[in-house]
Each structure stands twice: as structure tokens, then as C-alpha cells.
Amino acid sequence: MVETSSPRVLSGIAPSGVPTLGNYLGAMRNWVRLQDGYDCLYCIVDQHAITNWQNPAELRDNTRIMAAVLIACGIDPEKHILFHQSAVPAHARLAWIFNCVARVGWLNRMTQFKDKAGKDREAASTGLYVYPNLMAADVHAYHATLVPVGDDQRQHLELANDIAEKFNHDYGVKFFPRIEALITPESARVMSLRDATKKMSKSDSSDQSRINLMDDADSIALKIRRAKTDPLPLPETFAELKDRPEAINLLGIYAAITNATPAEALTQFAGGGFGPFKEKLAEALISHLTPISEQAKKLLADPAFIDTTLQSGARRAACVANPIVDEAERIIGFLPR
Ligand code: AMP
Ligand code: TRP
């Protein structure tokens, strides 16, 4: 068993678009906070991104934008490790082993595959089907034990534990540790501005459905003004918001961004209509997000800096992952490399 000194944190995000306010409140903000207590690895999962078609030039741009936004949000690429997945082949090596450990029946139960493949499952890539095995490899290649993710990833992390347990059992070793999901509370789930029953997503076809972390002040203001709402005034208590998903979503965003509870946020606007509330919401978002997008834009003016930062992260990541994956290959009977 490779010893780890303090628990290691690892998480991943796909560069399948520009990161959104949902990614920020549901993931990135926690990633930044975890840096104070743990050694963290944050991986831009380009290999996961291509499970759905990506235009190559856009994939390159989106990978750099993701890195720039993460650094602008406060990820420290020197104290911690920020890298792109394809630059560390240990992920793909371990994923292949896990393809041979995980069972077809296990993958058939993955609800995200069913959602993402949609009606025409036969036309989905085989990569999309085995995606959870690659995600398990992302974590186990580092013996990371703490994995901050949104609630939608819970099932994938349970699978990662099942894979580790079967590997350990089949080869009679105690090699891969159990991992613990650090799940952001359901309240941190940000919904689409056009349809509050759907998650805000960087890959949604409508740009009006989301706030992108690169949006300027005018687009933020416009998107919030146009966000779908209902004609009723805002009530006194949160309980009265039941069945008003748009209002719940916008108040939740306001609360999260101003570090208040949703109930506290509501008291400021109770009895009023959405107009004045939306103005305050747009103001709060602009003052919080504009420094991030401006910093990201500055970083993106020097793509070579982003590339060398990610490459240096990848080299350091490989130093952790290679001995672990070498040992996994030794355990299963591969000759040394
Ligand atoms: P993805 O955008 O699917 O690559 O997700 C990257 C991370 O952001 C994961 O931990 C997700 O759970 C989180 N995330 C994505 N969209 C949202 C959202 N609308 N609200 C909250 N968290 C989200
Ligand atoms: N599948 C995750 C998502 O869609 C992203 C991801 C890939 C990930 N590899 C990971 C998250 C490893 C945590 C750990 O959000």
C-alpha cells in the first residue's frame, strides 16, 4: 500500500464549455476552500469531455479558459496541482484496468449514462458508457480519499468504491483505499434561468439559460432581467415559495453569493415583485463575478503561461500517479515498464 501523509483531495471538471455560475457555486468555490486544509489535485478532464463530440479548436480554448477561471477564482497552481487529464497517461492506463474490473451490469445502472445518451443509446460513444471507470481511475491513481462533487456524481463515486473493493478482493491486496464523497448540499444546485426544473449547464444549447464565468456586466444584467419568473410578489416565508421553482432558484443564487441563508435573503425582498429583487441580484453577481472574469481575461492574454502552468501541474501529478499505477500493473501481473 502506498502511504499518503495527509488525506488527498481530487476533483475534476470537463472543459465542455465555459464554466458557469452553477460550477462556481456547486464546485469551484469549495475547491478553493479545501486548499487550506488538504493537498489538492484539480483535473481538467479533457478525456471525459470527448465522450461527446468536441470541436478541437473549441476544446483547446475551453481547456485554457477553464484553467484561467480556476486560477482567477483562487486555485493556487503552485501550492496545489492543476492539470489536464490527457497529459497524465496514468489515468488512461488505470482506466483500462478498471474497464476489466467493473461489470457491464454495474455500468448499466448508471443514471447519468441514461440521461446523457438520451433516446438513441446505440449511437452513444462507448467512451460515454465507460466514463465512470475513467472517473474512478482519476481518483484511485492518486490514492485520493476526499472527492468534492455535486450530488449528481454520488452514484459514480459509489461505483469507484465498488471497483476498488473488487480489485482488492480479486488480487488479495489492500491497495486502493475507500473514497469519501464530499457532496455539496442540494441547495448549492443552481438551475437554468430559462427552465428551473433543469440544472444550469455549460453545455445547454441556450446561452440565456446560464451565467458564464466569462460574461461581462451587461450580459449578466440582461440574463438576470430576462430570467424566467412568475407574476406573484415574493412572500414572507420560504415555505410559501413551494411550487415556485424559479423564485427558489434566484433567491438561492442571491443567498449563496451574498453568504446569507435563503430565509435571510427573502426577508429583504418580502412583499415586493421580481423587478427590484432582480436588480439587486444582478448587482451582487456583477460585483462578485466581474473581478474573476477580468482576472481570467488577463491570464488568457498569455496562453503560453496557461499551457506551461498546466504542463508543470501534469508533471507533478504524474510523479504521484505513476508509482501507484505501476504498482497496480505489477499486482495484476504485467512485466515492469
Ligand atoms: P460538470 O459541469 O458536469 O463538469 O461539473 C463539474 C462540477 O460542477 C461537478 O462537481 C458538478 O456537480 C458541479 N456542477 C455542475 N453544474 C452545476 C449546477 N448547475 N449547480 C451546482 N453544481 C454544479
Ligand atoms: N464526472 C464529473 C462531473 O461530471 C467530473 C469528474 C471527472 C470528476 N473525473 C472526476 C469529479 C474525478 C471528481 C473526481 O462532474
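His80 is found in the loop that runs between helix H3 (56-73) and strand S3 (81-84). In this predicted model, His80 has a relative accessibility of 6% and therefore counts as buried, the limit for that class being under 20%. A polar atom of the His80 side chain lies 3.2 Å from the backbone oxygen of Gln35.

His143 is found in the loop between H7 and S4, and with a relative accessible area of 1% it is buried. The backbone of His143 has a phi near 50°, a positive value in a residue other than glycine. Most residues other than glycine have a negative phi. His169, by contrast, has its place in helix H8 (residues 154-171) and is exposed, because its relative accessible area of 65% lies over the 50% required for that class. Between the C-alpha atoms of His169 and Gly17 the distance in space is 39 Å, and the two residues are 152 residues apart in sequence.

A positive phi, of about 65°, is also found at Asp243, which is not a glycine. Asp243 is placed in the loop between helix H9 (217-226) and helix H10 (245-258), where, with a relative accessible area of 67%, it is exposed.

Ligand 1 sits in the largest pocket. The shell around ligand 1 has 15 residues, of which Asn23, Gly150, Val190, Met200 and Lys202 come nearest. By residue class, this shell divides into seven nonpolar, four polar and four charged residues, and its largest share, four residues, comes from helix H1 (residues 21-34). The polar atoms of ligand 1 are approached by both backbone and side-chain atoms of the protein: a polar backbone atom of Gly22 is 3.2 Å from a nitrogen atom of the ligand, a backbone N or O atom of Met200 lies 2.9 Å from a nitrogen atom of the ligand, and an N or O atom in the side chain of Lys202 is 2.8 Å from an oxygen atom of the ligand. Of the 480 Å² that ligand 1 exposes when taken alone, the protein buries 87%.

Ligand 2 likewise sits in the largest pocket. Around ligand 2 are the residues Leu10, Ser11, Gly12, Val45, His48, Tyr131, Met135, Asp138, Val139, Val147, Val149 and Gln153, a shell that divides into seven nonpolar, four polar and one charged. Nitrogen atoms of ligand 2 take part in the side-chain contacts found here, with a polar side-chain atom of Tyr131 at 2.6 Å from a ligand nitrogen, an N or O atom in the side chain of Asp138 at 2.7 Å from a ligand nitrogen, and an N or O atom in the side chain of Gln153 at 3.1 Å from a ligand nitrogen. On its own, ligand 2 has 360 Å² of accessible area, and the protein covers 88% of this. Two or more residues of the shell around ligand 2 are given by each of strand S1 (8-13), helix H7 (126-140) and strand S4 (146-149), and H7 gives the most, with four residues.

Conventions. Residues numbered from 1 in each chain as written. Chains lettered and ligands numbered in written order. Predicted model: local features only at pLDDT ≥ 70, side-chain atom pairs only at ≥ 80, totals over all residues. Heavy atoms only, no water. Near = heavy atom within 4 Å. Polar contact = N/O pair within 3.5 Å; in protein donor to acceptor, adjacent residues only side chain to side chain. Areas by Shrake-Rupley, 256 points an atom, 1.4 Å probe, with all protein chains shown as cover. 1 Å grid on protein atoms, 1.4 Å probe; cavity = no way out; pocket = protein on both sides within 12 Å on 5 of 7 lines; lining within 4 Å. Sits in = over half its atoms within 2 Å of the grid points. Nonpolar A, V, L, I, M, F, W, Y, C, P; charged D, E, K, R; others polar. Buried < 20%, exposed > 50% of the residue type's maximum accessible area, 1.4 Å probe, protein only.
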